[in-house]
Amino acid sequence: MDLSLADGLISENLTHGQVVDCSGYYILPGIVDVHGDAFEQELHPRPGVGIDFDIAMRSVDRQLLAHGITTAFHGLTLSWEPGARSLETGRVFMEGLAKLGPTLMADHRVQFRWETFAHDAIEDIAVWLKRDPKPSLAFNDHTTATLAMIGSVDQAKLTKWAQRTGCTPEVYMAMAEEAGARRGDVPAKIKEVAEMALAAGAIILSHDDRTIEDRQSFRALGATVCEFPLSRIAAEEAHDAGEPVIMGGPNVIRGGSHLGMLSAEEAIREGLCTILASDYYYPSQINAAERLVRKGVRSFESAWNIVSRNPAEAMGLADRGQIAPGKRADLVVLDTSGPWRLVHTIAGGEVVSFGR
């Protein structure tokens with residue numbers, strides 16, 4: 001069949017222009033990444049080292065296209081930490097993306113990964129939630145885990161986190177304890193931010209749900225998507241409620257969680273996981289889909305839905321994730337005759353071709 005594109009959309013009418021021969025290949029909807037933070041490595045390749053925003057994000061744009069990702073929600077952590085995940089860095093990111101975004105090929109969006117102890121970020125989030133394209137919002141609590149690690153035998157992870165901020169472990173621990181002193185205010189702040197997001201029409205996600213009660217409490221706040229559940233019972237609770245469940249593509253291609261948590265492949269096999277995100281590694285979605293097909297965990301169509309149609313629907317993006325007239329011309333041309341090979345990525349009607 002012939003597929004025609006016009007004005008960045010899939011068209012019913014054949015038009016004259018550039019012809020791309022896709023004979024023998026699959027033509028698929030572009031990948032939608034609901035949560036990816038690999039951009040952090042481009043912006044801050046080493047602790048204390050920053051790269052110009054435009055240089056870094058143009059590189060990210062090319063990486064996305066090289067792995068079939070046409071829509072990306074960047075997981076922007078807004079924390080009390082200094083450095084790469086600070087509020088100030090978040091402000092630079094948001095202003096930089098507002099200026100650069102229209103010149104990029106992929107559709108770059110933002111997921112606010114709000115640290116629930118970072119109360120100084122709330123005023124900024126309120127302003128940013130009014131922007132177009134609409135951000136999504138995920139609740140994140142790494143503060144509790146950080147505080148629990150203080151004084152433990154294994155300090156390696158704490159030291160690594162401190163290095164990321166440019167602080168000594170001692171200074172970092174003191175900052176974590178200062179943030180932890182806000183614990184009594186956290187529930188009210190979570191409710192405040194959830195109400196702001198709902199009023200703005202943003203999709204809200206819970207993050208790292210461990211218990212049934214975790215999922216139920218965030219559902220009550222309007223979090224309709226369960227992201228990276230840490231346990232089977234949390235994933236089951238979301239699944240039974242008909243909610244999208246997001247897990248990481250790296251979990252699939254590595255054969256399990258690097259933290260020893262719920263296996264994404266097992267969750268998909270059991271129908272508990274409906275979406276795979278790139279998480280921290282952009283190549284993971286397309287390679288996870290291939291692994292699921294080759295192992296017989298999912299059919300080709302079902303595996304591709306997990307990285308395209310399902311995430312588009314979960315994020316309220318009705319204009320993509322399917323090949324139909326009037327939908328965005330976000331497409332992937334894939335050679336599956338051997339190990340999967342991306343032949344072309346088409347983003348908003350613009351074609352990027354890849355050699356062998």
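Predicted model: local features only at pLDDT ≥ 70, side-chain atom pairs only at ≥ 80, totals over all residues.
User: OK, why is Gly75 called buried?

Analyst: Buried means under 20% relative accessible area, exposed is over 50%, and partly exposed is in between (1.4 Å probe, protein chains only). Gly75 has a relative accessible area of 0%, so it counts as buried. You'll find Gly75 in strand 5 (residues 69-78).

User: What makes a residue a contact of Gly75?

Analyst: Contact means heavy atoms within 4.5 Å. Leaving out residues up to four places away in sequence, Gly75 touches His35, Gly36, Asp37, Phe39 and Gln111. Take Phe39: it is 36 residues from Gly75 in sequence, with 8.7 Å between their C-alpha atoms.

User: What about Asp279 and Asp208, buried or partly exposed?

Analyst: One of each! Asp279 has 16% relative accessibility, so it's buried, while Asp208 has a relative accessible area of 25%, so it's partly exposed. Asp279 lies in the loop between strand 11 and helix 13, and Asp208 in the loop between strand 8 (204-207) and helix 9 (212-220). Asp279 isn't a glycine, yet its phi is positive, about 60°. Asp208 also has a positive phi, near 60°.

User: How do you know what counts as a strand or a helix?

Analyst: They're DSSP runs, numbered from the N terminus: helices are H or I with at least four residues, and strands are E with at least two.

User: What makes strand 10 and strand 11 a pair?

Analyst: Two strands pair if DSSP finds at least two bridges between them. Strand 10 (residues 245-248) and strand 11 have three bridges in the parallel sense, so they pass the cut-off.

User: Why are strand 4 and strand 11 called edges?

Analyst: Eight strands form an open sheet in the order 4-5-6-7-8-9-10-11, with parallel pairing. Strand 4 (31-36) and strand 11 (275-277) each have a single partner strand, so one side of each has no neighbour in the sheet.

User: Which strands are the edges of the four-stranded sheet?

Analyst: That open sheet has the order 3-12-13-14 and antiparallel pairing. Strand 3 (26-29) and strand 14 (350-353) stand at its edges, because each has a single partner strand. Strand 3 pairs with strand 12 over four bridges, and Leu28 has Val332 in strand 12 as its bridge partner.

User: What makes Leu3, Ile27 and Ile323 a nonpolar patch?

Analyst: Like charges are joined within 9 Å, and nonpolar side chains (Val, Leu, Ile, Met, Phe, Trp, Tyr) within 5 Å. Ile323 has a relative accessible area of 35%, so it passes the area cut-off. Together, the three have about 200 Å² of accessible area, from the Shrake-Rupley method with a 1.4 Å probe, where for residues only the protein chains shown count as cover.

Note on methods: Residues numbered from 1 in each chain as written. Heavy atoms only, no water. Patch = residues over 30% accessible without salt bridge, like charges linked within 9 Å, V, L, I, M, F, W, Y side chains within 5 Å. Salt bridge = Lys/Arg side-chain N within 4 Å of Asp/Glu carboxyl O.
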